[in-house]
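Please keep both views open while reading.

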Amino acid sequence: MPRRVVEGVFEGLADILLPRLCPLCARPLSGREGTGRRGAVLCGRCFAAMPLIEGPLCSLCGRPFSSPLGPDRPCSECAVDPPPYRRARSALFYEGAALDALHLFKYRGRVSLAAPLAALMAGAAREAAGGGADVVAAVPLHGSRLRERGFNQSLLLARAVAASMGARVDSRGLVRVAAGRPQVGLVRSERVRNVRGAFALAAPGGFSGRRVLLVDDVFTTGSTVAECARLLARAGAEVSVATLARAGVK
């Protein structure tokens, strides 16, 4: 009997004996609800409530335009001051069910949400990477913040995204050397100052000539990913950015 058939039989039995539950509302999953290569990752109700970002977008920073008409093109800000990365893309607006899911994941320690949330951002990650990525790197946390939280949510997303793309994860090359203030609640100018000099490369030569996909959880003003991308680009990397959600636009 073909291996795929055998796997399908066992998965079918597992769904009967140990039904999978939606990680957000605990409703039993069935068939191919939601999205995901290996079946359901969210129930249909929660997936439908996810505010997906669609085009047209800024072809550089990924900001969605207010009008649904026209092609992707640089926004006015990027046309004047291009970002230090090739392309940034986000999967969801940071509101509604997406905001609830990220808060459970990031602040309530629901690390089991990493895989389903990464599945939701897989399309945005592939679009951002364009021709693919050699390395997937996460925006790092400072050691004090990592000890406080117990995990880096961006690294968990990066690992799942990298697995779906067949890329290598680099979890040590990009480091945070200054804690700074939390970015939440800061205006754009404060965010830029807050992350200036906050990151460093442990081994700059390791990124030279590499296509790097930089992963973070939320894109707000883009200050954090821009600071990281600037370092990587100076080290000779070709950088693209993928985030699960985008705040402050719609």
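The side chains of aspartate 217 and glutamine 153 are joined by a polar contact of 3.2 Å, a polar contact being a pair of N or O atoms within 3.5 Å of which, within protein, one must be able to donate a hydrogen and the other to accept it, with residues adjacent in sequence counting only if both atoms are side-chain atoms. The model is a predicted one, in which local features need pLDDT of at least 70 and side-chain atom pairs count only at pLDDT 80 or more, while totals for chains, interfaces and linings use all residues. Residues are numbered from 1 along each chain as its sequence is written, and side-chain values use heavy atoms, with hydrogens and water left out.

**The pair and its surroundings**

Aspartate 217 belongs to strand β6 (residues 211–219), whereas glutamine 153 is found in helix α7; helices (H or I, at least four residues) and strands (E, at least two) are DSSP runs numbered from the N terminus. Aspartate 217 counts as buried because its relative accessibility is 3%, and glutamine 153, at 3% relative accessibility, likewise counts as buried. Here buried means under 20% relative accessible area, exposed over 50%, and partly exposed in between, with a 1.4 Å probe and protein chains only.

Leaving aside residues up to four places away in sequence, aspartate 217 touches Leu102, Lys106, Gln153, Ser154, Leu157, Thr243, Leu244 and Ala245, where contact means heavy atoms within 4.5 Å. With that exclusion, glutamine 153 touches Phe105, Lys106, Leu141 and Asp217.

**The sheet and its helices**

Strand β6 is part of an open sheet of 5 strands in the order β1-β7-β6-β2-β3, with parallel pairing. Its edge strands are β1 (88–93) and β3 (168–170), each of which pairs on one side only. Neighbouring strands of this sheet are turned by 25° against each other on average, direction ignored; axes are lines fitted to C-alpha atoms, for helices over the stretch in contact, and angles run from 0 to 180 degrees between N-to-C directions. Two strands are taken to pair if DSSP finds at least two bridges between them.

| Strand pair | Bridges, sense | Example of bridge partners |
|---|---|---|
| β1 and β7 | 5 bridges, parallel | leucine 92 and alanine 245 |
| β6 and β7 | 8 bridges, parallel | leucine 214 and valine 241 |
| β2 and β6 | 4 bridges, parallel | alanine 138 and valine 215 |

Helix α4 (residues 96–107) packs on the sheet, touching β1, β6 and β7 (238–246), and its direction makes about 105° with that of β6. Helix α7 (residues 153–165), which holds glutamine 153, lies across β2, β3, β6 and β7 and runs at about 135° to β6. Strand β7 is largely enclosed by the rest of the structure, because 8 of its 9 residues are buried.

**The crossover through α9**

Strand β6, helix α9 (residues 223–234) and strand β7 make a right-handed β-α-β unit; a crossover is right-handed if, with the strands pointing away from the viewer, the path from the first strand over the helix to the second runs clockwise. Helix α9 has 12 residues and reaches 17 Å from its first C-alpha to its last, close to the 16 Å expected at 1.5 Å a residue, the expected span being 1.5 Å times one less than the number of residues. Since 9 of the 12 residues of α9 are buried, this helix is largely enclosed by the rest of the structure; the buried residues include Cys228 and Leu231. Helix α9 is followed by glycine 236, whose phi is positive, near 95°.

**Leucine 174**

Leucine 174 lies in strand β4 (residues 174–176) and counts as buried because its relative accessibility is 4%. Its C-alpha atom is separated by 6.2 Å from that of alanine 202, which is 28 residues apart from leucine 174 along the chain.

**The chain as a whole**

The chain contains 9 helices and 7 strands, and 44% of its 250 residues count as buried. Among contacts between residues at least 6 apart in sequence, 69% join residues at least 24 apart.
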